[in-house]
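Subject: The model, and what I found in it

Hello,

Here is the structure I promised to pass on. Please open it alongside this email, and my notes follow below.

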Amino acid sequence: MVLDIKEFEKVLDKEINVYLKIEKCVLEKKQSLVVGDLNKLKVIDFELNKYSALAKKLEEERNKVTSSFDKNNLTLKEIIEKIEEKEKRDRLTTLREKLKKIVNSVKSHNDINVKLIEHALKMLELSVLAIAKALIPEN
């Protein structure tokens with residue numbers, strides 16, 4: 001069983017590019033959440049959905065390429081460790097680290113976005129309660 005290294009590298013490069021776009025969208029989303037730009041949020045969410053679908057497709061493509069190498073469900077790191085040529089292993093390790101760094105960044109910024117959304121919902125709830133108290137007098 002042979003892993004097509006060039007094809008594997010191409011797929012990893014494509015994944016890196018897609019995740020860079022996702023990272024950019026997540027950062028823009030954070031800014032839009034902070035300033036409350038709902039129109040921009042709609043556009044960003046549409047873009048995020050598009051890039052997320054593409055990332056899923058590329059992951060499937062990567063799995064297809066690597067399945068010719070090993071039928072087990074190996075991690076990217078495990079696959080790289082099985083490659084005998086040091087130069088190829090080093091190139092793939094560099095791509096793996098780059099992808100991992102971007103994915104971790106996306107996760108971190110996305111966690112911040114979740115907290116911003118939760119905060120906005122709490123503020124909205126408090127506003128609704130304040131309005132309700134003003135409109136409905138207590139007995």
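A helix here means a DSSP run of H or I that is at least four residues long, with numbering from the N terminus. Please keep in mind that this is a predicted model.

Let me start with the salt bridges. The count comes to twelve. One of them joins Glu60 and Lys56, with 3.8 Å between the closest N and O atoms. Both residues lie in helix H2, four residues apart, which is about one turn of the helix. An α-helix has 3.6 residues a turn, so residues three or four places apart point the same way. Glu60 counts as partly exposed at 48% relative accessibility, while Lys56, at 53%, counts as exposed.

A second pair in helix H2 is Lys50 and Glu47, three residues apart and again about one turn of the helix. Their closest N and O atoms are 3.3 Å apart. Lys50 is partly exposed, with a relative accessibility of 41%, and Glu47 is partly exposed too, at 22%.

The N to O distance is 3.8 Å. Glu61 is partly exposed at 24% relative accessibility, and Lys14 is partly exposed with a relative accessible area of 40%. There is also a network of salt bridges that links Glu9, Glu87 and Arg91.

Now to helix H1 itself, which covers residues 5-35. After H1 comes Gly36, with a positive phi near 75°.

Next, the inside. The largest nonpolar core has 25 residues, and those touching the most other members are Phe8, Leu12, Val18, Ile22, Leu48, Leu76 and Leu92. Two or more residues each come from H1, helix H2 (38-67), helix H3 (76-81) and H4. H1 gives the largest share, nine residues. As background, nonpolar side chains tend to be buried together in soluble globular proteins.

- Ile22 is found in helix H1 and counts as buried, at 6% relative accessibility. Beyond its neighbours up to four places away in sequence, Ile22 touches Leu48, Tyr51, Ser52, Ala55 and Val106. Its C-alpha atom is separated by 21 Å from that of Asn63, 41 residues apart along the chain.
- Leu92, leaving aside neighbours within four places in sequence, is in contact with Ile5, Phe8, Glu9, Leu12, Ile80 and Ile83.
- Arg62 lies in helix H2. Is this residue buried or exposed? Arg62 counts as buried, because its relative accessibility is 15% and the cut-off for buried is under 20%. Leaving aside neighbours within four places in sequence, Arg62 is in contact with Phe8, Val11, Leu12, Glu15 and Leu76.

Last, the surface. Ile117, Leu121, Leu124 and Val128 make a nonpolar patch of about 360 Å². Of these, Leu124 lies in helix H4 (residues 86-135) and is exposed, with a relative accessible area of 51%.

Happy browsing, and do write back with any questions.

Best wishes

Terms used
Residues are numbered from 1 along each chain as its sequence is written. This is a predicted model: local features need pLDDT of at least 70, side-chain atom pairs count only at pLDDT 80 or more; totals for chains, interfaces and linings use all residues. Side-chain values use heavy atoms; hydrogens and water are left out. The expected span of a helix is 1.5 Å times one less than its number of residues. Patches are made of residues with over 30% relative accessible area and no salt bridge: like charges are joined within 9 Å, nonpolar side chains (Val, Leu, Ile, Met, Phe, Trp, Tyr) within 5 Å. Accessible areas come from the Shrake-Rupley method with a 1.4 Å probe; for residues, only the protein chains shown count as cover. A salt bridge is a side-chain nitrogen of Lys or Arg within 4 Å of a carboxyl oxygen of Asp or Glu. Buried means under 20% relative accessible area, exposed over 50%, partly exposed in between (1.4 Å probe, protein chains only). A nonpolar core is a set of buried Ala, Val, Leu, Ile, Met, Phe, Trp, Tyr and Cys residues joined through side-chain atoms within 4.5 Å. Contact means heavy atoms within 4.5 Å.
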